[in-house]
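The exercises below are to be worked with the sequence and the 3D structure in view. Each task is followed by a solution in steps.

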Amino acid sequence: MLRTKVISGKLLELQKEIQGYADEYGLDYFPQVFEVCDYDTINILAAQGGFPIRYPHWKFGMDYDQLSKGYRFGIQKIYEMVINTDPCYAYLLEVNNWLDQKLVMAHVYGHNDFFKNNMWFSNTNRKMMDVMANNGTKMRRYMEKYGQDRVEIFIDKVLSIENLLDVNHLFETNEVIQSRQQKDSQAKKEASNDGYYVDDRSKALKSFMNAQKREKSADEVVSEVPENFTFSAEENMAKGEKDIMRFLIEHAPLEEWEADIIGCLREEAYYFLPQRMTKIMNEGWASYWHSTILTQRALGPNEFIDFADIHAGVMQMSKENINPYKVGIELMRDIEFRWNTGRFGKEYNECTNMEEKENWNKNLGLGRAKIFEVRKSHNDITFLEEFLTPEFCNRMQIFTYKFNPRSNRMEIDKRDFDAIKTKLLTQLTNFGSPVIEVEDSNFKNRKELLLRHVHGGVDLDMQFATATMQNLYALWKRPVNLKTSYEDKEVIFNFDGKEFSQLT
Amino acid sequence: MDHPIKRDHSRFRKIVKGKVRDNLRKYVSQGQQIIPKGTDKFTVPMPSIDIPRFKFGDKSEGGTGQGEGQEGDPVKGKPGDGEPGEGEAGEGEGSKELEVEMDVEELAKILGDELELPNIEPKGKSQIASTTDKYTSIGTVGPDSLRHLKRTYKQALKRQMSMGVYDPMNPKVVPIRHDYRYRAANTKVEMENSAVVIYMMDVSGSMGEEQKEIVRTESFWINLWLKSQYKEIDIRYIIHDATAKEVDEDTFFRTRESGGTLISSALKLCKHIIETDYDPNEWNIYPFHFSDGDNWSADDTKLCLSLLDDYLLPNSNMFCYGQVESRYGSGQFYKDLANKYGTESDDVILSKIKNKEAILDSIKEFLGKGK
């Protein structure tokens with residue numbers, strides 16, 4: 001059943017036009033395919049993370065339910081979906097008016113360029129469409145074999161730890177692993193040769209050294225118990241491991257199909273990870289380009305007011321959250337402006353003459369080149385860390401808020417730059433998820449699992465945490481412990497399969 | 001064929017229904033949670049169907065926002081709104097509360113399954129049967145417009161395989177006339193029947209807010225069940241102390257009077273309503289009476305009993321009396337009814353409702369007879 005169709009006719013001409021502008025500005029993108037579909041289809045695609053085929057699971061149904069209602073009640077409408085693949089697929093809503101389509105196309109070229117060039121995406125699988133479909137087939141087969149309920153319940157458990165990822169694994173490709181193993185074996189060889197390269201020394205020297213070594217070992221007769229010996233059945237296998245799914249695949253008592261499913265879900269989670277790490281930049285970049293392309297090239301004279309209306313809707317600020325589109329595009333523009341005028345570096349920063357600083361303009365014209373560079377190497381954290389300025393926060397009217405227990409509500413806390421920056425970076429740290437790592441896989445020498453929450457100042461939601469521990473228990477099949485700090489106290493929570501207790 | 005997500009969707013609906021079923025007791029005892037939406041839909045709040053994850057607690061986290069305002073201004077609402085200690089802002093902050101829509105049938109089915117309620121057999125008088133066609137089955141004859149392609153090809157494939165002419169290397173399936181399958185209609189006979197529920201409640205001083213809340217919750221579920229059983233349903237409300245009057249739903253649950261209690265006044269009005277608007281031969285009639293059991297005098301109780309015997313019982317499906325426990329109520333009326341009709345009577349159903357937790361059992365007592 002074809003629910004989407006590739007664009008043709010006037011829309012195709014429009015794509016050619018927009019693509020021409022994208023080329024003109026130097027965007028570097030994967031081949032772009034636009035398809036149109038009705039709102040029901042775009043809701044389906046959005047519920048499935050943009051992919052036409054996923055594994056069967058009720059959560060897609062839940063998201064679909066929510067999206068359909070949102071559309072029906074006119075609360076929300078999805079203009080477009082774009083996915084990180086090569087060729088890059090994007091879906092347009094067929095009822096969009098002409099200007100919407102223009103804007104969306106320009107926006108999509110921005111995303112496409114970002115997917116292709118941002119380094120955090122460099123190892124994502126661009127054939128993910130096939131991978132997702134294959135994963136779906138696999139899981140369907142497991143469902144046929146082991147029963148839909150059983151498999152779906154297992155997937156529920158795994159999705160519970162889907163956000164416990166290690167960002168560093170984004171660069172852990174096969175080549176990297178291989179080259180590291182080579183280095184390791186090299187190092188081992190060196191160690192067996194007392195730390196020297198085998199080939200660099202003369203035969204005479206080597207034979208001399210080996211002779212000495214033999215003498216030495218002849219002297220030591222008594223074999224000692226190694227210093228760190230413990231009687232635990234296994235060594236602590238994975239202390240510090242943040243990739244909990246991989247840890248479970250390697251160490252939990254799983255059946256083959258279970259391990260396979262975790263593998264599939266882990267692959268998908270890592271595929272989506274860069275998008276979660278670059279939300280502000282990605283949306284900012286795409287918005288920068290739809291705005292630039294439309295205002296400078298693509299808009300007809302009768303379309304400006306409508307464009308301003310739509311654009312303003314997208315950029316709307318909220319008191320409860322920062323709008324990634326707004327902050328992203330403005331920060332991109334701010335960087336462009338600063339590098340165009342030369343407002344960076346030692347000289348500018350140390351300038352104390354306010355008037356001079358206010359009118360600083362070196363006419364460098366480096367802005368465009370700079371933001372292209374920024375989109376290549378940054379993620380949201382480094383982006384804000386490096387380019388957020390007090391003036392910018394002021395202009396964007398950003399503030400921090402916190403819960404006031406006395407009035408039982410959220411209240412504006414500070415407009416202080418350092419506070420804002422700290423709060424923003426904390427929120428983005430570890431893509432917004434708590435940092436959880438394996439502390440001990442043989443806790444109490446009883447094969448219990450001890451996880452540690454690396455506390456960054458914010459407590460866990462304990463209701464969710466306990467439910468997650470129950471799911472972890474189902475996978476690990478031995479008691480699960482969580483070390484965290486709760487209400488300023490160091491605690492270890494324990495779930496032994498039946499009930500919860502607090503150890504310390 | 002439908003998109004696979006429809007199957008995900010129905011799995012989701014199934015889980016939702018399971019959750020409602022599991023937590024039915026909670027939903028019932030906490031009354032207000034299920035919100036009617038229009039006439040035959042309900043919104044059921046569902047806080048935790050989402051997959052649990054390690055995540056930050058909302059309140060200690062706070063956040064960042066954009067916009068105007070001074071330090072100390074609430075993030076939601078206008079600056080200066082709300083005195084400290086009052087504001088409700090911050091509630092539900094960041095939480096993804098799920099609201100699920102269910103229709104009468106779904107919710108009633110859950111109630112029915114949970115309480116093992118028998119379907120009601122409407123009184124067999126003057127029913128109008130209507131038929132509806134639903135295309136749920138498959139036939140071998142029919143118009144081309146109803147041809148079921150998938151089933152047709154399946155049939156063709158079956159035939160070819162059993163004839164041994166199917167070649168997996170060249171999988172051509174060609175249906176012949178004989179293979180054609182058509183969607184066919186199943187005719188369903190539906191009975192047009194209608195019911196009226198007449199709620200009577202004692203609103204004298206001894207019935208407090210809590211007691212009314214119990215009645216409100218109980219009536220919600222009773223209505224739900226009866227709605228699922230009858231095509232048409234009318235609901236009438238009568239409040240009484242020493243005198244009775246008919247009111248709308250809102251007034252019914254809000255009014256609080258002081259003064260004495262003459263239950264007979266309500267029963268008289270109930271009789272009057274039935275006589276004027278509802279021919280007992282065509283309507284299934286359900287009078288429900290809720291009070292804390294106090295009646296002004298033994299004489300009035302006698303009058304009540306004779307009203308029941310002479311008119312209400314012969315003309316209604318059953319008479320239900322729910323006694324809500326209150327600090328002031330004596331519970332005498334329950335005893336009087338129980339003495340006369342016994343607690344196992346099919347015509348007069350008695351139920352004591354101690355507190356909110358007892359609502360579900362009370363509903364079962366009322367509706368468990370299938371009348």
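Axes are lines fitted to C-alpha atoms, for helices over the stretch in contact, and angles run from 0 to 180 degrees between N-to-C directions. Residues are numbered from 1 along each chain as its sequence is written, and chains are lettered from A and ligands numbered from 1 in the order in which they are written. This is a predicted model, in which local features need pLDDT of at least 70, side-chain atom pairs count only at pLDDT 80 or more, and totals for chains, interfaces and linings use all residues.

**Exercise 1. The sheet of chain B**

Task: Give the strand order of the 6-stranded open sheet in chain B, and state which helices lie on the sheet.

Solution.
Step 1. Helices (H or I, at least four residues) and strands (E, at least two) are DSSP runs, numbered from the N terminus. Two strands pair if DSSP finds at least two bridges between them.
Step 2. The order is β9-β8-β7-β10-β11-β12 of chain B, with mixed pairing. β9 (244–247) and β12 (348–353) of chain B are the edge strands, each pairing on one side only. From one strand to the next the twist averages 20 degrees.
Step 3. Take one pair: β7 (residues 194–202) and β8 (residues 232–240) of chain B are parallel and share 9 bridges. Here B:Y199 stands opposite B:Y237 of β8(B).
Step 4. Helix α6 (residues 209–229) of chain B lies across β7, β8, β10 (283–291), β11 (319–324) and β12 of chain B, at about 175 degrees to β7(B). Helix α11 (residues 359–367) of chain B also packs on the sheet, where it touches β11 and β12 of chain B and makes about 175 degrees with the direction of β12(B).

**Exercise 2. Chain A and its domains**

Task: Describe the make-up of chain A by helices and strands, and list its domains.

Solution.
Step 1. Chain A has 20 helices and 11 strands. Its C-alpha trace spans about 95 × 65 × 60 Å along the principal axes.
Step 2. A residue is buried if 20 or more other C-beta atoms lie within 10 Å of its own, exposed if 12 or fewer, and partly exposed in between, with C-beta atoms placed from the backbone. By this count 38% of the 504 residues of chain A are buried.
Step 3. Domain bounds come from an automatic or database domain assignment. For chain A it gives domain 1 (5–118 + 278–306), domain 2 (315–428) and domain 3 (433–502). Between domain 1 and domain 3 of chain A, the C-alpha centres are 41 Å apart.

**Exercise 3. The side of chain A that touches chain B**

Task: How many residues of chain A are in contact with chain B, and which element gives the most?

Solution.
Step 1. Two residues are in contact if their C-beta atoms, placed from the backbone, lie within 7 Å. On this basis 58 residues of chain A are in contact with 42 residues of chain B.
Step 2. Elements of chain A that give two or more residues include α2 (39–47), α3 (58–72) and β5 (398–404). The most, 7 residues, comes from α3(A).
Step 3. Strand β5(A) is joined by 4 bridges to β3 (residues 63–66) of chain B, and the two run antiparallel. In β3(B), B:Q66 is the bridge partner of A:I398.

**Exercise 4. Residue A:I398**

Task: Is A:I398 buried or exposed, and what does it touch?

Solution.
Step 1. A:I398 is in strand β5 of chain A. A:I398 is buried because 22 other C-beta atoms lie within 10 Å.
Step 2. Apart from neighbours within four places in sequence, A:I398 is in contact with A:I322, A:C393, A:I420, B:T64 and B:Q66.
Step 3. A:V327 is 71 residues from A:I398 along the chain, and their C-alpha atoms are separated by 9.5 Å.

**Exercise 5. Backbone exceptions**

Task: Where in chain A do A:P87, A:N445 and A:E487 lie?

Solution.
Step 1. Most residues other than glycine have a negative phi, and most peptide bonds are trans.
Step 2. A:P87 lies in the loop between β3 (80–83) and β4 (88–93) of chain A. The peptide bond joining A:D86 and A:P87 is cis, with omega about 0 degrees.
Step 3. A:N445 is in the loop between β7 (435–443) and β8 (448–454) of chain A, and its phi is positive, near 55 degrees. A:N445 counts as exposed because it has 12 C-beta neighbours inside 10 Å.
Step 4. A:E487 lies in the loop between β9 (480–486) and β10 (489–495) of chain A, with a positive phi of about 50 degrees. A:E487 has 9 C-beta neighbours inside 10 Å, so it counts as exposed.
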